[in-house]
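Hello,

Here is the structure I promised to pass on to you.

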Amino acid sequence: MEIILQKQRSRVNNGNNYYKYRITIPVQIVEQLRLKKGEKLDVSVIQNVIVIRKNI
């Protein structure tokens with residue numbers, strides 16, 4: 001499974017562009033974890049791996 005990192009301009013202030021980055025979690029993973037819209041997730045980095053956990 002491949003996920004693409006997306007870069008979006010979030011705002012412009014004094015002529016400077018500020019960006020945020022997004023990843024889209026595939027529907028299969030959302031369904032498997034029973035995630036719901038607006039649910040908060042815990043994110044951490046462990047040895048160069050992004051870990052996303054369901055906040056319980």
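**Overall form**

The protein chain has a radius of gyration of 14 Å, whereas a compact globule of 56 residues would come near 10 Å (taken over C-alpha atoms, with the globule rule being 2.2 Å times the number of residues to the power 0.38). Along the principal axes, the C-alpha atoms fill a box of roughly 45 × 30 × 25 Å.

Before the details, please note that this is a predicted model, in which local features need pLDDT of at least 70 and side-chain atom pairs pLDDT 80 or more, while totals for chains, interfaces and linings use all residues. Numbering starts from 1 along each chain as its sequence is written, and side-chain values use heavy atoms, leaving out hydrogens and water.

**Strands and helix**

The protein chain has 1 helix and 4 strands, in the order β-β-α-β-β along the sequence. These are DSSP runs numbered from the N terminus (helices H or I, at least four residues; strands E, at least two). Strands E1 (residues 5-13) and E2 pair in the antiparallel sense over 8 bridges, where pairing asks for at least two DSSP bridges between two strands. Gln8 has Lys20 in E2 as its bridge partner. The hairpin of E1 and E2 has 2 residues between the strands, and Asn14 takes a positive phi near 50 degrees there.

**Charges over rings**

The charged end of Lys7 sits over the ring of Tyr19, 4.3 Å from its centre, and that of Arg11 sits over the ring of Tyr18 at 4.1 Å. The rule asks for NZ of Lys or CZ of Arg within 6 Å of the ring centre and within 35 degrees of the ring normal.

**Pockets**

A pocket here is an open set of points on a 1 Å grid over the protein atoms alone, where a 1.4 Å probe fits, with protein on both sides within 12 Å along at least five of seven lines; lining residues have an atom within 4 Å of a point. The largest pocket holds about 240 Å³ of space, a volume being the space filled by probe spheres set on the points, which are joined across faces, edges and corners. Its lining includes Ile3, Leu33, Arg53 and Lys54. E4 gives the largest share of that lining, 4 residues.

The second largest pocket has a volume of about 200 Å³. Arg22, Ile23, Ile25, Leu41, Val43, Ile50 and Ile52 line the second largest pocket.

Best wishes
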